[in-house]
Amino acid sequence: MFPLVAPLRLNRPSDMWFKPATSVVVASAVPNLTLFALDRLDLVMYTMAGSLCALYGHNLPYARRARAVAGVVFSMVVGMAIALVTASLTGSTAVLIAVGALLAAAQKVLCDATRIGPPGPVIFTFVTSAALFGPQRLSQVPGHLALVLAAGAVSWAVTLAPAVFRREGPERRATARALDAAAAYAERPGHRTRHAAVAAVHAAWQSLFASGRPTTTRRALERLVVQAEAALAGGEPGGGPAASGTPGPGRLRDWARRTRGRGPVPAPPPAPGTSEELFGIDAERAARHAGGRREARRALLRGLAPGSPLLPIGARALIGCALAGYVSQAAGVGRPYWAIVTAASLYQANVSLTWNRALQRTLGNLLGVLVFAAVLPLSRVSPLALIGCCLFFNFAAEALITRNYWLGSVAVTPMALLVLEFGGAYPAGELIADRALDTAIGAAAGLLAALLVTNRRASGRLEKALADTDRARVRAVRLLAAPQPAPAALDAARRRLTGSLVELREADDAAAGEWWQRALPQEQVLAAERAGHRTLAATATRQGLLAPAQENGAV
């Protein structure tokens, strides 16, 4: 049975919700006010495409964020070019729906393959689908694409601007999350808290390796992540008697609080008998920088390969979006792209999560149209009032969506409807009725496609993750058996095993949520996780990470 209440419960807000919220407001205000000054607010749809790029990349270090957001802007320009050229060449609704579904499927697969992170493909689909169904002439396309690119350049600058004041901000937040997760595991040892801590530590290392050149602050952050690893390993069987000397939950939370703040980073010394150089951090960072782009291309190609588990999700998006669009057309709705966007927004890693998103999206949209009805009179007072309402809902959406997707949708829906007002006023009753109907059609069609298109490759991904975890564990065990293993090799093996365990848990969760799936090797997964965590504890003991932690100044 699919749950009805659990998907609607509110979560704690993200510790960085204000980053995308403020970024998208600034990135939208600049072009919107410029167009207002030029009396060309009818062009807001094109600048909006570039402004929404400011929502991406906030979990990445600035060195990687610069490349990632540039890639997002480029992808947005390409998607808009396809949509605008298609709209200028044909007026056939059937053709436009087909192109919209193809774009939605491609955007879903590419975003998942590149792991660009929130808000994922839905922003691309929302903007390009709207452009498909807007009036367009071929001669206008270059100018409209120039507006997208210009607004995208503003977004790129806005997302990177904090680097001027706090260049290690993303790494500090990632490290603080690792410390908090390790403290939670130390307080409440269990499967869920252990996985959360392992994932947070892995994410912190990924953030540090993706950052720029080593600095004094980054050195201190690396030592703090090592302390989080020590606390995690100290709670494992095999952690050894030294486990009693690991930092306690109170100290870990204090370090997390100070790391997340604006003051100096706490700088506990390296564990006795080791040094930063022996951990091989610099060597691994150099290797990753040398092969980083090559590895990113390999990851993208793996995601697009014929056997990729992402392709069935893409097929669901293609079929569900096309079905939603054609049903909406048959129902006489004037804007079938709303149904396409609703269907596209549903697809998650498995059917269970897709059901949750369908429930959240439907509730949020239906409440959102009521909010739109309430604010519409205010937005029609003046163009500046309309701009102000859109900026408010942009901010509110990012402030609320980390609590729960349905709560964020309550703000996204009026914002999407208000954007239409820049091109001219429409009857409120018609907009509300069409949006509600398209929401129902898109959710039903999208969920139906998810149920009909099975993803048996999810179990193949799980089997591969099991094999990768076993190989990583065996490598670490062999190094442990050596009389004097190279510390850099042992440290790299430990982090490789950590990454494998994170992938194993994600693959198992994804496969378990598919309704039509062959029997999963749950006992093997649990055994692999237990053996992997015992090996992590053993490597930490061997490297001296479990020696008593002491605080020694700050940087």
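This is a predicted model: local features need pLDDT of at least 70, side-chain atom pairs count only at pLDDT 80 or more; totals for chains, interfaces and linings use all residues.

User: How much space lies in the second largest pocket, and into which classes do its lining residues divide?

Analyst: The space in the second largest pocket comes to about 600 Å³. As for the classes, its lining residues divide into 18 nonpolar, five polar and two charged.

User: Which helices each supply at least two residues of that pocket's lining?

Analyst: One of them is helix H5, which covers residues 122-132. Together with H5, the helices that each supply at least two lining residues of the second largest pocket are H2, H14 and H17.

User: Let's turn to cavities. How many of 30 Å³ or more does a search of the whole structure find, and how much space lies in the largest?

Analyst: The search of the whole structure turns up six cavities of 30 Å³ or more. In the largest cavity, the space is about 100 Å³.

User: What lines the largest cavity, and which elements give two or more residues to it?

Analyst: The largest cavity has 10 lining residues, and Glu229, Leu232, Ala233, Thr498 and Leu536 are the ones nearest its centre. The elements giving two or more residues to this lining are helix H9 (216-234), helix H20 (487-512) and helix H21 (522-543). By class, the lining of the largest cavity has five nonpolar, two polar and three charged residues.

User: Which helix gives the most to the lining of the second largest cavity?

Analyst: The second largest cavity has a volume of about 80 Å³, and its lining includes Ser28, Val44, Met48, Ser51, Cys390 and Phe422. Helices H1 (18-37), H2 (44-51), H16 (383-401) and H17 (405-419) each supply at least two of the lining residues. The one that gives the most, with three residues, is H2.

User: How many charged residues are in the lining of the second largest cavity?

Analyst: By class, the lining of the second largest cavity has seven nonpolar and four polar residues. The number of charged residues there is none.

User: Is the crossing of H14 and H18 left-handed or right-handed, and which residue classes take part in the contact?

Analyst: H14 passes H18 in a crossing that is right-handed. On the H14 side the contact includes Trp338 and Leu346, and these meet a set in H18 that includes Leu431 and Gly446. By class, the contact of H14 with H18 has eight nonpolar, four polar and three charged residues.

User: How are H15 and H18 oriented to each other?

Analyst: Helix H15 (residues 351-379) packs against H18 at an angle of about 180 degrees, and their axes are 10 Å apart. H15 and H18 are therefore roughly antiparallel to each other.

User: Which residue classes make up the contact between H15 and H18?

Analyst: Residues in H15, among them Trp355, Phe372 and Leu376, meet residues in H18 that include Ile432, Arg435 and Leu451. By class, this contact of H15 with H18 has 15 nonpolar, four polar and two charged residues.

User: At what angle do the axes of H13 and H18 cross, and with which handedness does H13 pass H18?

Analyst: The axes of helix H13 (residues 310-330) and H18 come within 8 Å, and they cross at roughly 145 degrees. The handedness of the crossing of H13 with H18 is right-handed.

Terms used
Residues are numbered from 1 along each chain as its sequence is written. Side-chain values use heavy atoms; hydrogens and water are left out. A crossing is left-handed if the near helix is turned anticlockwise from the far one by less than a right angle, and right-handed if clockwise. Helices (H or I, at least four residues) and strands (E, at least two) are DSSP runs, numbered from the N terminus. Contact means heavy atoms within 4.5 Å. Ala, Val, Leu, Ile, Met, Phe, Trp, Tyr, Cys and Pro count as nonpolar, Asp, Glu, Lys and Arg as charged, and the others, Gly among them, as polar. Axes are lines fitted to C-alpha atoms, for helices over the stretch in contact, and angles run from 0 to 180 degrees between N-to-C directions. Angles under 35 degrees count as roughly parallel, over 145 as roughly antiparallel, 65 to 115 as roughly perpendicular and the rest as oblique. On a 1 Å grid over the protein atoms alone, a cavity is a set of points where a 1.4 Å probe fits but cannot get out, and a pocket is an open set with protein on both sides within 12 Å along at least five of seven lines; lining residues have an atom within 4 Å of a point. Grid points are joined across faces, edges and corners, and a volume is the space filled by probe spheres set on the points.
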